[in-house]
Amino acid sequence: MIIWIITLVPHDIYRNNDYAAYLYVFQNPQYSTMEKGFVSLLKFFTAFHFDFDTVRILLLCFTVVILWLGAYLVSKNTWPVLVGYFFSTFFIDQVQLRNTLMWAIVFIGIVFILRSKLTLKNILVFGIIILLSTQFQSSGILYILIPIFIFRRMKIKSIETIEVKGLGIVQLFFSGLAVYYISFFILTPLLGMIQSLLPTHFVNGYLADDGLGGGKNGGIGLILYPMQTLGIIIIIHILVQELKKISRKKTELAEQSLVFEAISKFNFYLVPFIAINLNFFRILRNESIVILVLLSILYMHRDKKYVPLSMVIGTVAIILTGLWWSTMLVYPNIVVPTLSELQKYIEY
């Protein structure tokens, strides 16, 4: 499937700004202002005379291997994870190379911390891995909040004291909605005033009024995208609460539940960034693979007599989310062009 998607499908899907920008950097690395790690990687391949599409395929294959290996190490259930990934964000990741590489490195860190004891040393290693990811896309620095939330949760001395506390689902939704709109109408103008003081790539074009496709929101999007953002956050929150319940009986999952809870808390703090510009939504979108891994863990450790409602909701949500993303990309950009090419071959 991956070979078909990457190589056999007509390249109409790649004729966009992202593809053109990365192709330019590949051909003219000396003029690039992108992250040094990403540019250095491209220079490495050009030194061995690789063409751009070959490099893109190699990087995407590397990402898929990382995701497969991570799913195997954490949950052992790799096929539902990869199938879910292929029919959701993979079609977007094909052209957003920096984000894809950054997320692959962050995912290595998440897998490492899920399989390690939550010691200060291991959490610091996790933080170093996150810093490494910023060499490929600087917005990866936001993931440094995850270790901070892990530290906070580690203050709890006993698993028995972990209860379903904090914001309820309704509170989470309305408080998230309030944060979104406050950020959109107040924080965005303020950041526009101090844009020159912020790291270049962290807001590269994000606050530009004329940034076509740069994530500026408006119209129906001001209703649709906050709902989509909060929907994903709430689904992860529900699944994490289910894992915490299971971890009370299976203490080997206790530390994993703390990690996933930290990720859940981290997501809520992404809301103002997403409100500022939808490009930051890709950070939350990356976590579709985390949701799939979390579901795999839950199905592996659940009571075999029944499936909890939270897991049913999570499963349906990830299917609908995958259909939402893939339908907009797969049908017009892959299915239709592929059928057109087949028709040409048959007629020829």
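The model is predicted, so local features need pLDDT of at least 70 and side-chain atom pairs count only at pLDDT 80 or more, while totals for chains, interfaces and linings use all residues. Residues are numbered from 1 along each chain as its sequence is written, and side-chain values use heavy atoms, with hydrogens and water left out.

**Helix 3 and helix 4**
- The axes of helix 3 (residues 36-47) and helix 4 (residues 52-74) come within 11 Å and cross at roughly 125°, helices being DSSP runs of H or I with at least four residues, numbered from the N terminus.
- That angle makes helix 3 oblique to helix 4, since angles under 35 degrees count as roughly parallel, over 145 as roughly antiparallel, 65 to 115 as roughly perpendicular and the rest as oblique.

**Loop residues with positive phi**
- His49, in the loop between helix 3 and helix 4, has a phi near 65° and is exposed at 73% relative accessible area (buried means under 20%, exposed over 50%, partly exposed in between, with a 1.4 Å probe and protein chains only).
- Lys76, in the loop between helix 4 and helix 5 (78-86), has a positive phi of about 70° and is partly exposed at 45%.

**A buried glycine**
- Gly109 lies in helix 7 (residues 97-115) and is buried, with a relative accessible area of 0%.
- Gly109 and Val125 are 16 residues apart in sequence, and their C-alpha atoms are 8.0 Å apart in space.

**Leu320**
- Leu320 belongs to helix 16 (residues 309-347) and counts as exposed at 52% relative accessibility.

Conventions: Helices (H or I, at least four residues) and strands (E, at least two) are DSSP runs, numbered from the N terminus. Axes are lines fitted to C-alpha atoms, for helices over the stretch in contact, and angles run from 0 to 180 degrees between N-to-C directions.
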